[in-house]
Amino acid sequence: MFDTFAHHPDQYDLIRANPELIPMAIEEQLRITTPIQNLYRYTRADYQVGDVTIPNGSRVLLSFGAANRDPLAFDEPDEYRADRNPRMHVGFGYGAHMCLGAPLARMEAQSVLRELVTRVFFHLGERKRPHGRPTAHSEGQLTYRCASQRF
């Protein structure tokens, strides 16, 4: 979430000016940075996808991250928009496979964001060469500045 706000300061400013957007901003964060990217399942019957038949008992990779970036489900799916209401995302799974901890995680994230918007400003620090293997989040060092002395 910090990395998202550092890369999209306009969206963070929008949330700071409109704290009622916090629940939607958290859902959008879950959609765009899906906590669990992939999960394997096994087919219970033959399943047709286009011209291909997936045989019964096949191991299939489900990509939640890709589902949450589906342009048929979300306009401009690669953009973070704090005022989007992405309630159809599958960041915590779906149906019988829904994460049991999802309500608690949402509550915690909203509490943290409510505190942050009153006290913290984000910006990306000077880009430094990452140590070791590069990762998806190693393009720059995230720094922050507190708006009050209470931190």
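**Close-up 1. R59 over the ring of Y40.** In this predicted model, the charged end of R59 sits over the Y40 ring. It lies 3.6 Å from the ring centre.

**Close-up 2. R31 over the face of F74.** Here the ring belongs to F74, and R31 lies over its face. The distance from R31 to the ring centre is 5.1 Å.

**Close-up 3. The aromatic cluster of F5, Y12 and Y80.** Ring pairs link these three residues, F5, Y12 and Y80, into a cluster. The count of aromatic pairs comes to two. F5 and Y12 form a tilted pair, 5.0 Å centre to centre, with 40° between the planes. F5 is buried, and Y12 is buried too. The pair of F5 and Y80 is edge-to-face, because the planes stand at 80°, with the ring centres 6.0 Å apart. F5 belongs to helix 1 (residues 2-7), whereas Y80 is in the loop between helix 4 (64-67) and helix 5, so this pair ties together parts that are 75 residues apart in sequence. Y80 is buried, as is F5.

Close-up 4. R106 is part of helix 5, which spans residues 102-119. R106 counts as buried because its relative accessibility is 16%, and buried means under 20%. The side chains of R106 and E27 are joined by a polar contact of 2.5 Å. Beyond its neighbours within four places in sequence, R106 is in contact with E27, L30, R87, H89, F92 and M98.

Conventions: Residues are numbered from 1 along each chain as its sequence is written. This is a predicted model: local features need pLDDT of at least 70, side-chain atom pairs count only at pLDDT 80 or more; totals for chains, interfaces and linings use all residues. Side-chain values use heavy atoms; hydrogens and water are left out. Helices (H or I, at least four residues) and strands (E, at least two) are DSSP runs, numbered from the N terminus. Buried means under 20% relative accessible area, exposed over 50%, partly exposed in between (1.4 Å probe, protein chains only). A polar contact is a pair of N or O atoms within 3.5 Å; within protein, one must be able to donate a hydrogen and the other to accept it, and residues adjacent in sequence count only if both atoms are side-chain atoms. Contact means heavy atoms within 4.5 Å. Rings of Phe, Tyr and Trp (its six-membered ring) pair if their centres lie within 6.5 Å; planes under 30 degrees apart count as stacked, over 60 as edge-to-face and the rest as tilted. A charge sits over a ring if NZ of Lys or CZ of Arg is within 6 Å of the ring centre and within 35 degrees of the ring normal.
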